[in-house]
Amino acid sequence: MERIGIIIVAGGSGRRMGGALPKQFALLAGRPVLAHTIDRFAATLPGAEIVVVLPAAHCDFWRNLAARFDVAKHTIAEGGAERFHSVRNGLAALRSDPELIAVQDGVRPLVCEELIRRTLQEAAAYGAAVPVVEPVDSFRTTDGTTSSIVDRRSLRIVQTPQAFRAEVLLAAYTTDFRPEFTDDASVAEAAGHTIRLCDGDPANLKITRPADLTIAEALLALRSESETNA
């Protein structure tokens with residue numbers, strides 16, 4: 001596989017989690033959430049360059065914490081005002097001249113090897129790839145007064161990692177920030193690139209609220225048991 005750069009975005013404040021520290025530093029099965037995410041990519045893609053983007057106020061904190069938990073090798077970049085700016089700072093920090101770049105939420109610690117490899121392979125073939133899963137809930141759209149049902153068959157839930165050929169993502173991020181840039185696919189799409197959808201993983205949980213940690217603990221335990229019995 002081509003040279004790969006990984007940007008792990010962990011610049012959020014974690015307001016919905018509560019507590020004094022952002023959610024990426026919360027402990028999951030005895031290790032920080034962010035450590036699980038970094039180690040998963042390092043194990044899946046040995047030799048890939050990993051850049052972790054953090055709030056400026058927490059960079060030194062993470063350096064000390066990562067040393068305590070023996071986290072896989074990575075470099076640190078400071079985040080920006082919006083996710084867009086954090087990813088752009090992460091791109092600027094890459095030093096290995098990668099051919100493929102994957103961008104991952106730091107608080108998706110359960111990402112599996114198959115999903116990482118599948119998304120990168122699709123990006124290599126099509127330029128830009130995003131993993132998605134089909135929703136199981138019903139949806140309605142509203143103007144604040146009335147509402148109407150949305151056909152969920154046409155909807156997909158977007159996950160990370162989102163992967164790109166390097167020239168696609170680097171060129172896309174030369175633009176200025178716009179409020180509609182909610183993820184990397186939206187930035188690449190605005191630059192004229194078609195986004196390839198590939199199969200995501202329902203277990204690829206994003207840690208957002210305290211209950212998510214409990215669910216993640218259970219999923220990790222099941223994964224560990226499955227690997228032990230394999």
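Author: Gladly! This is a predicted model. Let me start with Asp 97, whose relative accessibility is 55%. Exposed means over 50%, so Asp 97 counts as exposed.

Reader: Where is Asp 97, and what is its phi?

Author: Asp 97 sits in the loop between helix H3 (83-93) and strand E6 (100-105). Its phi is near 50 degrees, a positive value in a residue other than glycine.

Reader: Why is Ala 29 called partly exposed?

Author: The relative accessible area of Ala 29 is 46%. Buried means under 20% and exposed over 50%, so Ala 29, lying in between, is partly exposed. Ala 29 belongs to the loop between strand E2 (27-28) and strand E3 (31-32), and its phi, near 55 degrees, is positive in a residue other than glycine.

Reader: Which peptide bond is cis, and what is its omega?

Author: The bond joining Thr 160 and Pro 161 is cis, with omega about 15 degrees. You will find Pro 161 in the loop between strand E10 (157-158) and strand E11 (162-165).

Reader: Which residues touch the most other members of the largest nonpolar core?

Author: Ile 6, Leu 34 and Trp 62 do, in a core of 30 residues. Helix H2 (59-69) is among the elements that each supply at least two of its residues, and H2 gives the largest share, five residues.

Reader: What does Trp 62 touch?

Author: Leaving aside residues up to four places away in sequence, its contacts include Phe 25, Leu 34, Ile 38 and Val 71.

Technical notes. Residues numbered from 1 in each chain as written. Predicted model: local features only at pLDDT ≥ 70, side-chain atom pairs only at ≥ 80, totals over all residues. Heavy atoms only, no water. Core = buried A, V, L, I, M, F, W, Y, C linked by side-chain atoms within 4.5 Å. Buried < 20%, exposed > 50% of the residue type's maximum accessible area, 1.4 Å probe, protein only. Helix = DSSP H or I, 4+ residues; strand = E, 2+ residues; numbered from the N terminus. Contact = heavy atoms within 4.5 Å.
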